[in-house]
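User: I'm new to this one. Can you walk me through it?

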Amino acid sequence: VADGGGPGIMVTEKCGYKIPASSSGRMVDEITETILAIDRDRNIISEKGASASKRIATHFTEENYRRTVNQVYQSLVRPAAC
C-alpha cells in the first residue's frame, strides 16, 4: 500500500508492504521491486498472508470499530459551558 492515510496505518511490515508516497515513477519502481522479491521467495505470500489474516481478525473487529467511533464522538461532544 501507499504509506499514507488509512492504508499506511492498517498495514504493517509484518503483514504487507508500505511504499513511501513519492513520485508515481518512484512508486512504480518500488512496487515492481516488491513484486519481484515476492516472486523470488514465494514463502513470503503465506507468511504475510497469515499475519494479515491474524491482524484483521484481532484489530478490525466490530467491537474495535464501535469503540473507536464512540471515542471520536466523545471527543467531539463537550458539555455546554455555563
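User: How many helices and strands does the protein chain have?

Analyst: The protein chain has four helices and two strands. Helices (H or I, at least four residues) and strands (E, at least two) are DSSP runs, numbered from the N terminus. This is a predicted model, where local features need pLDDT of at least 70, side-chain atom pairs count only at pLDDT 80 or more, and totals for chains, interfaces and linings use all residues. Residues are numbered from 1 along each chain as its sequence is written, and side-chain values use heavy atoms, with hydrogens and water left out.

User: What pattern does the protein chain follow along the sequence?

Analyst: The pattern is β-α-β-α-α-α.

User: And what radius of gyration does the protein chain have?

Analyst: The protein chain has 18 Å, whereas a compact globule of 82 residues would have one near 12 Å. That radius is taken over C-alpha atoms, and the globule rule is 2.2 Å times the number of residues to the power 0.38. Along the principal axes, the C-alpha atoms fill a box of roughly 65 × 30 × 10 Å.

User: Switching to Ser-51: where is Ser-51 found?

Analyst: Ser-51 is in helix α3, which covers residues 43-59.

User: Is Ser-51 buried or exposed?

Analyst: Ser-51 is buried, because its relative accessible area is 19%. Buried means under 20% relative accessible area, exposed over 50%, and partly exposed in between (1.4 Å probe, protein chains only). Buried residues make up 17% of the 82 residues in the protein chain.

User: Which residues does Ser-51 touch?

Analyst: Leaving aside residues up to four places away in sequence, Ser-51 touches Lys-14 and Cys-15. Contact means heavy atoms within 4.5 Å.
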